[in-house]
Amino acid sequence: MPTHRPSRPRSPFAGPPTGPISPFPIPLSGPIVKGFGRGSRELGIPTANIPLAGLSVGGHEEVESGVYFGWAGVNVDDEGRRSEGGVKGKQEGVWPMVMSIGWNPFYQNSVRSVEVHIMHRFRQDFYGARINLMILGFIRPEFDYVDKESLVEDIRTDIEVAQRSLARDAYLSWKDDPYLVQFEGGEHEQEAAR
């Protein structure tokens, strides 16, 4: 059960300076699906949602609810236009991300969700595109909030923590991992559907 947001100051970084430690890195992949529609509309923080079944790929269904950071590869260009063949070898298809895995207690969700905020402003939605994630670390557990303003404030802090954390060499180097731009096939989605 999530606890209420603590009042103490938060650390400006997540993960050790030497780089990811077990169980990280965690690769995760799936198609981008329509979520609850709250990220952009209510919070001003758009998210790319993937099916919860994606967590079962590689045995990650028991990952702790909370906020994570890493890199996201998406088969779209900088505008959000689909690139069916992927963006092989081009870094414009890889962006920093912060993600929430959990129940979103503020909204009293009855199902667990995987919501990824890609730290890039796209001009259009890209539902159905494929997203490959390299989760490199844990930022914080899932909290319950007394108001929407506190939730948004924490999400903005999560984004800042992720940006600072990913700027360190031991995390920045993961941006070039070939996994992030391998969009052929649908092995992950097919495995998750089983």
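This is a predicted model: local features need pLDDT of at least 70, side-chain atom pairs count only at pLDDT 80 or more; totals for chains, interfaces and linings use all residues.

**Entry 1: salt bridges**

I began with the general idea: side chains of opposite charge can pair when their charged atoms come close. I then looked up the count, and it came to 5 salt bridges.

**Entry 2: Asp 158 and Arg 10**

I looked up the pair Asp 158 and Arg 10, which forms a salt bridge with the closest N and O atoms 2.4 Å apart. I noted where the two residues lie: Asp 158 is in helix α2 (residues 148–166), and Arg 10 is in the loop between β1 (3–4) and β2 (26–31). They are 148 residues apart, and the pair links distant parts of the chain.

Is Asp 158 buried or exposed? Its relative accessibility is 3%, so I wrote down Asp 158 as buried. For Arg 10 I found 29%, so this residue counts as partly exposed.

**Entry 3: Asp 158 again, with Arg 140**

I found Asp 158 in a salt bridge with Arg 140 as well, where the closest N and O atoms are 2.9 Å apart. I looked up the accessible area of Arg 140: the relative value is 6%, so Arg 140 is buried.

Which residues do salt bridges with shared partners join into one network? I listed Arg 10, Arg 140, Asp 154 and Asp 158.

**Entry 4: Glu 79 and Arg 123**

I looked up the salt bridge between the side chains of Glu 79 and Arg 123, at 2.7 Å from N to O. Glu 79 is in the loop between β4 (66–74) and β5 (94–102), while Arg 123 is in the loop between β6 (113–118) and β7 (130–141). The two are 44 residues apart. Glu 79 has a relative accessible area of 26% and is partly exposed. Arg 123, at 70%, is exposed.

**Entry 5: strand β4**

How many of the 9 residues of β4 are buried? I noted 9 of the 9, so β4 is largely enclosed by the rest of the structure.

Next I looked up the partners of this strand. β4 pairs with β5 in the antiparallel sense over 8 bridges, and Gly 70 has Met 97 in β5 as its bridge partner. β4 also pairs with β7 in the antiparallel sense, over 9 bridges. There I found Val 67 opposite Arg 140 in β7.

Terms used
Residues are numbered from 1 along each chain as its sequence is written. Side-chain values use heavy atoms; hydrogens and water are left out. A salt bridge is a side-chain nitrogen of Lys or Arg within 4 Å of a carboxyl oxygen of Asp or Glu. Helices (H or I, at least four residues) and strands (E, at least two) are DSSP runs, numbered from the N terminus. Buried means under 20% relative accessible area, exposed over 50%, partly exposed in between (1.4 Å probe, protein chains only). Two strands pair if DSSP finds at least two bridges between them.
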